[in-house]
Amino acid sequence: MTGFLIRRAGGAVFVLFALSVVVYAAFYVVPGDVAQIACGPRCSPAQVAQVSAQLKLDDPLYARYAHFLQALFTGQDFSTGTGVLHCPAPCLGLSYQSDQQVTGLILAKLPATASLVVGASLLWVVLGVGTGLLSVWRRGRPTERILTWITLAGMATPVFVIGLLLIIVLVTVLQVLPFPDYVPFTDDPEQWAWNLLLPWISLALVSAAPYARMTRASMLETLAEDHVRTFRAYGVPERTLVGRHALRGALAPVIALGALDIGSMFGGALLTESLFGIPGVGRELVDAVRTVDLPVVVGLVLVTGFFVVLAGALADVFHALADRRVVLA
């Protein structure tokens with residue numbers, strides 16, 4: 001297991017480094033003058049030249065990237081005209097629009113996105129795995145076909161459609177839930193959960209469908225293995241076979257999928273955040289792209305990539321813990 005963890009950690013570090021190279025080059029080698037974008041449309045040529053010198057845009061791209069990496073590990077100083085602003089490590093630069101530190105902007109938005117992702121993931125895992133197990137338990141009966149149709153419909157329906165339907169039914173018509181107004185957990189835990197319940201349900205209904213399909217397929221495959229058939233031949237009850245002997249092996253790929261989905265949701269929940277007005281990372285990324293705020297865009301993409309890579313490494317570890325054959329492979 002130690003060697004397995006070392007290999008996964010080394011792979012994750014290499015992927016993060018490659019991602020940083022690609023992202024930095026893709027966003028800073030763009031048509032147009034980066035100094036003009038950073039300074040604004042009303043800046044004079046002298047001001048644009050000053051910004052270009054401050055950002056070291058005349059240096060080769062590799063030198064600028066090395067400076068960017070150095071700022072990540074040691075911090076960076078920025079001239080404000082009247083003084084010097086220190087950006088501590090990990091420094092992702094200053095926003096072109098607000099002159100705020102990008103790291104601080106991201107950290108301010110992460111709690112809202114984390115609240116959405118964590119709550120929704122608990123719902124979609126329970127709902128998806130439960131639906132898949134019920135489908136296996138009732139296989140060959142009308143219940144299985146109904147659940148199959150429901151999961152297919154869930155996979156084919158966009159999250160904003162389900163979100164709009166829930167808003168119309170639960171908020172406007174029945175008035176059993178309020179329209180989400182994000183409240184930090186530290187301010188009021190009860191209102192935090194109550195206001196996020198509708199986004200959680202919307203995201204969970206869409207995301208639960210793949211888990212139901214995967215759980216069903218994995219359980220059927222596991223139940224067809226030799227050791228399970230041997231237990232069945234000895235008269236072990238079907239409920240015991242499903243719950244005790246087949247569930248652990250069948251859940252290994254589900255655990256891996258869950259870790260990957262949670263990581264990708266940190267940057268991919270922008271539709272849900274935009275629909276319900278949640279001030280998270282997704283909305284901040286959309287605003288940064290619209291205003292061509294390159295440091296914020298690069299910082300958000302790197303942070304999102306970090307969560308995806310971290311989730312992938314954790315998925316490998318959880319998969320290995322659930323199925324020891326993965327370690328031996």
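Tutor: Buried means under 20% relative accessible area, exposed means over 50%, and partly exposed lies in between (1.4 Å probe, protein chains only). This is a predicted model, in which local features need pLDDT of at least 70 and side-chain atom pairs count only at pLDDT 80 or more, while totals for chains, interfaces and linings use all residues. Residues are numbered from 1 along each chain as its sequence is written, and side-chain values use heavy atoms, leaving out hydrogens and water.

Student: How many salt bridges does a search of the whole structure find?
Tutor: The search finds three. A salt bridge is a side-chain nitrogen of Lys or Arg within 4 Å of a carboxyl oxygen of Asp or Glu.

Student: Which side chain does Arg 229 meet in a salt bridge?
Tutor: Arg 229 meets Asp 226, at 2.3 Å from N to O. Both residues lie in helix α9 (residues 226–233), three residues apart, about one turn of the helix. Helices are DSSP runs of H or I with at least four residues, numbered from the N terminus.

Student: And is Asp 226 buried or exposed?
Tutor: Asp 226 counts as exposed because its relative accessibility is 52%. Arg 229, at 45%, counts as partly exposed.

Student: What about Lys 109, which side chain does it meet?
Tutor: Lys 109 forms a salt bridge with Glu 284 (3.9 Å, N to O). This pair links distant parts of the chain, 175 residues apart: Lys 109 is in helix α5 (residues 102–137) and Glu 284 in helix α12 (residues 281–290). Glu 284 is buried, with a relative accessible area of 17%.

Methods
Helices (H or I, at least four residues) and strands (E, at least two) are DSSP runs, numbered from the N terminus.
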